[in-house]
Amino acid sequence: MSAQPPAADRPFPADPALDALVGSAFGRGARVREHTALSGGTYNSVRSVVLRDGRRSVLKVAPPADRPRLTYERGLLATEALVYARARPLLGGLVPRVLASGRVPGEPDREYLFLDHLPGETLEDLRSGEAPVRSSAARRDLGRAVAALHTVTGDAFGYPAGSAGLRADTWPEAFRAMVGAVVADARRFSVPLPGGGAEVVRLVSANLVHLAPVRTPALTHFDLWDGNVLASRPGADGGPDREPRLTGIIDAERAFWGDPAADLVSTALFGDIRDDADFLAGYRDTGGVLDFSPGLLRRLALYRTYLYLIMFVEPTPRGRAPADAARARGFLGPLLEAELAELAGPAS
C-alpha cells in the first residue's frame, strides 16, 4: 500500500467548500481570513480557522470516504461532538464548545466539526521544551476533570457512533467485539500480530470475567495522553503559583461508553498510573474510586492490550512509510507481548 501524507496534509476542502462550511457555522456573510494546518492529528484533518472579523475556531474534517480505516473509525466526529455536549455542563470551558457540525458539501459521507479554540499548550510540549515545566498542578486538575467526566453515563457499552456491532448491553460483550474488530483489521491489512490474532482473542476472552463487575457505561475518553491535554504556561512575571494549570481536554473522537478505569491507560501512556500521585490525588478528590485490586490491575492489562493493538495495526491504514511503521511496531511489539504474557498468567 502506498504511503499517505500526515492527516494535516491530506485532501482538505478547497476554498469554495471551506467558505460554505464557514457560512453554515457562522452565517452567510462569514469569510475566511486565514486557515492553517494544526499538527498532531493522525486521522482527521485539523485546521485553525480565523474569520475576517477575527473570530477563531478549530475545524476538523474526516478523511475522504474511500480512505482505509479501522473498523471502529466510523462517525468519530459525531462521537467527539457528543462527548463535548455531555461534558460541558460538568467541565465548562475545559472542553471545546461545538459551533457546528455536518457533512462536507458534495461529500455526504465526510463529516466536519467546528469547535471553539481553547487556550494553552499541550503538556507534551510543556514537558519536552528547552525549559521543561513542572506539571503537578495540571495533573491534579486533570485527575479532577477525568473523575467528573466519568460521572457521565450512557445506555449501552461500546462506541457511540459507527458500527452497531461494536455496542452491547454488557461490558464484556462490547469489549470482546472491540478487540475482535481490531484483530480482524490486522488480518484485513495483512499486519501480523505478536503471538497471532487467534491467541490474542483467546487470551482476552479468557480474561473477560474480570470485566463483569463493570455494570454502568461511563464516558471514557481513551486518548488522554499529554498531547491531548492543554495547560497554561506560567506568566513571565512569576507569581505565587508558577505551575501551569489545566485549560483543556481535546480530541475526544475515540471515546466510548465503558469502564472508566480504561482512561488510566492513556493518562499514563507506556507507564503506570500508580506513579502519578498528582493525577490520582485529583481523581480521588472529586470522588473517583481507585483501589488497584488484582481485578483492576487485570482490567488495566486488558485495556493496554487493546490500546497497543490499535497502535500496532493503524500505521498501515494511515499509510505510514514502511520504515516508520516498522519502527513503531518495533517499539510496540514488546509492550504488547508483555501485556499478553500478563493475561496468560494468574491475576495477582
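Reader: Where does the charged end of Arg 329 sit?

Author: A charge sits over a ring if NZ of Lys or CZ of Arg is within 6 Å of the ring centre and within 35 degrees of the ring normal. Here the charged end of Arg 329 sits over the ring of Phe 312, 5.6 Å from the centre of that ring. This is a predicted model: local features need pLDDT of at least 70, side-chain atom pairs need 80 or more, and totals for chains, interfaces and linings use all residues. Numbering starts from 1 along each chain as its sequence is written, and side-chain values use heavy atoms, with hydrogens and water left out.

Reader: How many helices and strands does the chain have?

Author: Helices (H or I, at least four residues) and strands (E, at least two) are DSSP runs, numbered from the N terminus. This chain has 11 helices and 12 strands.

Reader: In what order do the strands of the open sheet lie?

Author: Two strands pair if DSSP finds at least two bridges between them. Here 5 strands form an open sheet, in the order S1-S2-S3-S5-S4. The pairing is antiparallel. At the edges are strand S1 (32-37) and strand S4 (98-104), each pairing on one side only.

Reader: What pairs with strand S5?

Author: Strand S3 (residues 56-61) pairs with strand S5 (residues 107-116) in the antiparallel sense, over 5 bridges. Leu 59 has Phe 114 as its bridge partner in S5. For Lys 60, the partner in S5 is Leu 113. S4 and S5 are also antiparallel, with 6 bridges. There, Val 98 stands opposite Leu 115 in S5. S4 and S5 form a hairpin with 2 residues between them. Gly 106 in the turn has a positive phi of about 85°.

Reader: How many residues of S5 are buried?

Author: Buried means under 20% relative accessible area, exposed over 50%, and partly exposed in between (1.4 Å probe, protein chains only). In S5, 7 of its 10 residues are buried, so the strand is mostly covered by this definition. Across the 348 residues of the chain, 52% count as buried.

Reader: How many aromatic pairs are there?

Author: Rings of Phe, Tyr and Trp (its six-membered ring) pair if their centres lie within 6.5 Å; planes under 30 degrees apart count as stacked, over 60 as edge-to-face and the rest as tilted. The count comes to 15 aromatic pairs. Take Tyr 159 and Phe 256: their ring centres are 5.7 Å apart and their planes stand at 80°, so this pair is edge-to-face. Tyr 159 lies in the loop between strand S7 (157-158) and strand S8 (167-168), while Phe 256 is in strand S12 (residues 256-258). The two are 97 residues apart, so to speak of the chain, the pair links distant parts.

Author: Phe 175 is in helix H5 (residues 171-188), and Tyr 303 is in helix H9 (residues 294-313), 128 residues apart. Their rings form an edge-to-face pair, 5.5 Å centre to centre, with 75° between the planes. Phe 175 has a relative accessible area of 2%, so Phe 175 is buried. Tyr 303 is buried too, at 1%.

Reader: Which residues do ring pairs link into a cluster?

Author: The cluster holds Tyr 72, Phe 157, Tyr 159, Trp 171, Phe 175, Phe 222, Phe 256, Tyr 303 and Tyr 306.

Reader: Is His 150 buried or exposed?

Author: His 150 has 9% relative accessibility, so His 150 counts as buried. His 150 is found in the loop between helix H4 (136-149) and S7. Leaving out residues up to four places away in sequence, His 150 touches Ala 218, Leu 219, Pro 260, Asp 263 and Tyr 283.

Reader: What is phi of Phe 270, and of Phe 292?

Author: Phi of Phe 270 is near 65°, a positive value in a residue other than glycine. Phe 270 lies in the loop between helix H7 (263-266) and helix H8 (277-285). With a relative accessible area of 37%, Phe 270 is partly exposed. For Phe 292, phi is near 50°, again positive in a residue other than glycine. Phe 292 lies in the loop between H8 and H9, and is buried at 15% relative accessible area.

Methods: Contact means heavy atoms within 4.5 Å.
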